[in-house]
Structure formats: structure tokens, C-alpha cells
2 protein chains.
Amino acid sequence: MTRDVAPPSAAIRAEAVERLAGLATPTGALGRLGDLAVWVAATQGRVPPLPVDRVRAVIFAGDHGVSDHGVSAYPKAITTAMVHTFLLGRAGVSVLAAQHGVTVRVLDIGVDDDLDDVAPEATAYKVCRGSGAIHLEDAPTSEQTRQAIAVGEAVAAEEIAAGAQLLISGDMGIGNTTPASALIAASLGLPASEVTGRGTGIDEDGLARKTLVVQRALDRAGPRTTDPVDTLTALGSADLAASAGFMAAAARAGVPILLDGVISVAAAMMAARLAPGTSAWCAAGHRSTEPAQSLALDKLGLEPILDLGMRLGEGSGAVAAVPLVRSAALLLSDIALLTDLMP
Amino acid sequence: MTRDVAPPSAAIRAEAVERLAGLATPTGALGRLGDLAVWVAATQGRVPPLPVDRVRAVIFAGDHGVSDHGVSAYPKAITTAMVHTFLLGRAGVSVLAAQHGVTVRVLDIGVDDDLDDVAPEATAYKVCRGSGAIHLEDAPTSEQTRQAIAVGEAVAAEEIAAGAQLLISGDMGIGNTTPASALIAASLGLPASEVTGRGTGIDEDGLARKTLVVQRALDRAGPRTTDPVDTLTALGSADLAASAGFMAAAARAGVPILLDGVISVAAAMMAARLAPGTSAWCAAGHRSTEPAQSLALDKLGLEPILDLGMRLGEGSGAVAAVPLVRSAALLLSDIALLTDLMP
């Protein structure tokens, strides 16, 4: 299932670096917006880059068996409630997306509830009713993991067909930082104590329980973590597998991805194992408060655009960073060239 | 000339904090966007806050005698060239402002050139042709400093009359980080070596020269730095004085200000001395690469929204942060309340 991804064009990147140096600004004055502009140009294969108008976000929703084991500040029922809130356009990511003209699609991949009657548009790709508690059992079956990856790939293809110039993968599901942290720990070879964070805001006891769950899951998975599909089956969930497939397909199609928090970055690490080279198509929207997210971003070689202490999930940190990606492209395109001013 | 500024409403702030806690998000999940939303609401005196649609930026342009003394990577003539670039809408800040629907007005306060023929709309408030080299002589005269402060106040009144909900003060002028650093050093009681940075990108020798110029200016000013007008006269410039007056007038009128880099923050420190209480009406748009800016922001108790290594000036770091101020207000206004979801 792994297939390498061609990197963004080195020739276009070089051309973008040259244009950046020729802008009527002091050298380096745009800071990281300059680097981001070069990345956007390279992913588009165009200098100057086109405006990044069409940004599309997909929220993969699913439940996690670990949420019955004291790892989260909220009960599982909130997952369904939040799917409804997305559909009403009243969640945090909905507000940001409306501000920035980003489309948001919410998909029930593995919610432990029956949403067919209330949200038929969201359930067409459902893989399972809830994923298992990773410290006790495989999360989805191996077959369901492959199905979820294929779902993510199909959804990416749909979003690209709809014109996406930049894709965002968000996640909704109480308990989701636990499998995400386990996937990152397994990928980096780190113990649970180094990756586990407070998620939506658990106390000391909760953090201790959550760390134990992550470590037991890692111990249970053992050597199966050498294979990405096995890793997602043992430590992940249907929604995380779908998100990984979504990103791998985007990178294969040459469409850039803006990462969100720990769930999104965990999926990106798995996408980079399913499709080596994927991370060159990724930029990091924000730094979340989860330690696993920063560790994984370091490994991927990505520096976040925003660092605002956000931990809302839903893709919200990525959507909040969209105007800065757009700024980067516009600055490289529209600032006067020195040769224009002093011909 | 000093007059205290009333703070944003504590009652409204408390009401905003309460609304934030009642949003359908985990407590604290919006991170610093939540704090920013509370500040916006308090400055508006409204919960939920109104959308921050009307943002207006003014760029105060001026030359600095120190630019003839090897403190900058660029010659003085660039100041005039950049005023033309602003008027053409092709500078960095112009591009960002067009993206975000922010109005930009450029005013020649102290450019060492005659712009009357080419840019009459920009010269109506001109105070002087260039400000002096601060290590050798007072920058403007005391009378010109007062005039420049009054100009800034008048311009703020015009922008507020035009409907500004948020004001930005930018600056253009080769050499401008030298007086800005001196003003911050004087205000914080620090030596030149701790505040002086590389500006647009000077080398080691340039940095040594610049540090010496700042220290000689501080030594020359001596005890006059106890008075804000005397400080601006000895260490500042006409454009910096105008920017300080602009911010003080905005705060007195209860209109919030989004700060840019070291020039803007130096002006804010002086505004806070002209009109104590001004800093409560300020938010910091970005962290620049200048050490003096971070030192001054710490003193003002402000944490920047963006930290992207930008050092373009022109108000660009503040304008780049505008969508995040808008996001903060929209999130507090538009996210569902828990009481809506579970009545």
C-alpha cells in the first residue's frame, strides 16, 4: 500500500527563492512568510503563486473505546452532539471557516451512534460504530483500517475534484488525543510519558490514567508498529486511518495540506509512512498544547505558523492559519520588484 | 500634556469572560484567541463583540539623520522611493491591507525630500524635512515635537471619524530603528547594548556603529528623558512623535490599537507616558526580530499574536495579525453556547 510521493518542484522552488530576493523589501524581511510563500509556489509549480482561494476542510469524526476509561474530561455523547454542531455551523471551526471562506465537510467515520436519520450526508462513508480501546484490543480490524484509508483517499479525490488548492483534515471524537499520542509515540520510539498531554483538559489523575493507557497500548502493539496499517489497527482508529489516507492521497495528487493539532499531525506521520514524501506537501498551521504534536512536527521538519495555545481540535488551528498562507502567496506575487522601481 | 486614559470596562470584561466560559468548547481551548476576544469585547464595551470590520492603518514617514552614520543597510533615498511604493499600493503592507480590507494612508511627517508635487495628499501634515542625528543633536525641536504629537492626534481623530474600530500605526524611514531603540532604552533604563538590533539587516560592524550611536544619544539626552516630550525631542523624530500622539488620542477616544514592530512599540511606550493607561487599549500584532521590541512589549505586559521573524516595518506585522483579531471576536460571538445545545 505504500507508494512514494514526488516532492514539490525543486526548480520552481529555486525560482521562487529568486523572486523573493528580488522583491522591494530588505532581504529576509518577510521572515517565515517568505519561506511559506516559496513552499506554496513549489507545491503549485508556479512563480508567482496563484492566490490560495479554494481551501477545503474535512472533519473525520469517530469515537474511541478509551473514552470509557477515564482519559478524557468529556463523555462520549459529546462526539454526536458536536457532529450536530458542525452541521449547524456553530462550532469553532465553523466560525473560522465562514470567516475565511473555507468549506467544511463533516464525515462520520466511526461515531458510536446512529446518525443516518439526522445527518445522512455525513454517514455515507461510515466504517464502524466506534473504535476499540487501544490498550485492550485492536481499534478497527485490519480490514476496516484499509477501508478507512480508502475512504480518506476517496474523499481527498472528491475535494480535489471540487477545486481544492489547499486541504485541511480535522478530527472530532472524545478520547482522540489518546490514540493520536500512541501513534506518535510508536512512530518516534518514545515512551508514553513523553508524549501524553492533557487533551481537552484532564487533571493530574486523568493524565496518569491516560499515560498508563497509552503505554499499555504501546506494549500491546509491540513489533506490529513496523507496518503502518498494523500500527493504525493496533493503536489508531477508523477516523485517524481515514485522515491518513486523505493526506497521502492529497500528496500523491500534488495538493498541499495544512496541518492542525495532534490528531492531524499523528495522521500526517502515518500518511508519511503510507506514502513516503507526504510531509513535503504539508505545512503546520499551529502549535497545539499537546507535547506529542510538537515532537511529531520536529520529526517532520515542520515549524508551525501560529502558536496561540489553542487546543480545540476540529481543524480549527489550521483554519485560523489560512489567512497567513494566503498572505504569503500574495506577498510573493504582488509586492513590487526592485527592477520595477529602479529599472 | 499628559492626561490619564480610562481603562476598558472591567464589567464588560467580566461579562466577556463569562460568555467565553459558556461556549460549547472545552474550557481554555481557544487559547490566546479567547484572551484576545475578551480584550476586544472590553474595548468595544459590548458582549458579544461586534465584528471588527473597519480597520485603518496610517503610515508615518520620516527620515533620520543617523542614516548618514552607517546605522542602516539602506540609503536615505529609499524612504522617498517607499512612499511612492505605498502610494502605488505595491509595498508589503499594501498587499496585506488589500487582502484584509484594511485602509492604508501614508503621511509624510518628516521625509527629507520635497513630495508636494508628486504626493500632495501625503504632505498636508509635514512637520520638517528630516529629523536630526540623535547622537549629535536634538531630533526635531521641542516645538516640532509638540506639533508632530498634535498631528498624530488630529489624524487619529480623522480615522476615528471615518469609522475605525481598530487602528494601526506603521512607520517608514531609513534609520528608524535607531531612534526607536533609543526611546525604548531610555524608557526602560537599559544600555544601548541590550536594545540595539540589526534593523533591516546590518552586519557586525554596522551593529557596533549603531550601538555606539544609540549609547551616545542616551548619554547626550541625560536627565531630559524624565519628560516624554523632551525624550521624543532628544531621542526620537517627528514621525515617532506623530505616531505616539496618534496612539494616545486613540486610547483617549476608546479606540483599540494593534501594535506592529519596534517603531510602533516605541511610539506606544511614549504614548503611555503622554497618556498613562494607553497600553490597556493596545494589543501586540507580532514579535519582530528587534530585541528592543520584545523588551518593550514585556514592560507593556503585551504578548504578540504572531511570531514569524518578520522585520519589514510599515505596519505589516500588525496588518498580518488583523484576521486573528477578527477571528477572536467572531469566535466569542458566533460559537454555540452550551445552553443553546443542552437547554
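Q: Let's call a residue buried under 20% relative accessible area, exposed over 50%, and partly exposed in between. This is a predicted model; what relative accessible area does A:Glu158 have in it?
A: The side chain of A:Glu158 meets that of A:Arg105 in a salt bridge, 2.5 Å from N to O. A:Arg105 is itself partly exposed at 24%. A:Glu158 also falls in the partly exposed class, with a relative accessible area of 32%.

Q: How many residues apart in sequence are the parts that A:Arg105 and A:Glu158 tie together?
A: A:Arg105 sits in strand E2 (residues 103–110) of chain A, while A:Glu158 belongs to helix H6 (residues 142–161) of chain A. The salt bridge between their side chains therefore ties together parts whose separation in sequence is 53 residues.

Q: Which residues are linked with A:Arg105 in a network of salt bridges?
A: We've already got one salt bridge from A:Arg105, to A:Glu158, and that residue is in the network.

Q: Over in chain B, what relative accessibility does B:Glu159 have?
A: B:Glu159 and B:Arg105 meet through their side chains in a salt bridge (2.6 Å, N to O). That pair links helix H6 to strand E2 of chain B, 54 residues apart. B:Arg105 counts as partly exposed at 25%, whereas B:Glu159 counts as buried because the cut-off is 20% and its relative accessibility is 2%.

Q: Which helix of chain B does B:Glu153 in H6 get tied to through B:Arg252?
A: The side chains of B:Glu153 and B:Arg252 form a salt bridge at 3.3 Å, N to O. Both ends are partly exposed, B:Glu153 at 25% and B:Arg252 at 23%. The two parts lie 99 residues apart in sequence, and B:Arg252 is in helix H11 (residues 238–252).

Q: Why is helix H2 of chain B largely enclosed by the rest of the structure?
A: H2(B) runs over residues 32–44 and reaches 18 Å from its first C-alpha to its last. Its cover includes helices H1 and H14 plus strands E3, E4 and E5 of chain B. B:Trp39 and B:Leu36 are among its buried residues. H2(B) is largely enclosed because, of its 13 residues, the number buried is 10.

Q: Which residues touch the most other members of the largest nonpolar core?
A: That core has 108 residues. Beyond its neighbours within four places in sequence, one of them, A:Leu258, is in contact with residues including A:Leu166, A:Ile305 and A:Val325. The residues touching the most other members are A:Leu258 and B:Leu258.

Terms used: Residues numbered from 1 in each chain as written. Chains lettered and ligands numbered in written order. Predicted model: local features only at pLDDT ≥ 70, side-chain atom pairs only at ≥ 80, totals over all residues. Heavy atoms only, no water. Helix = DSSP H or I, 4+ residues; strand = E, 2+ residues; numbered from the N terminus. Expected span 1.5 Å × (residues − 1). Buried < 20%, exposed > 50% of the residue type's maximum accessible area, 1.4 Å probe, protein only. Contact = heavy atoms within 4.5 Å. Core = buried A, V, L, I, M, F, W, Y, C linked by side-chain atoms within 4.5 Å. Salt bridge = Lys/Arg side-chain N within 4 Å of Asp/Glu carboxyl O.
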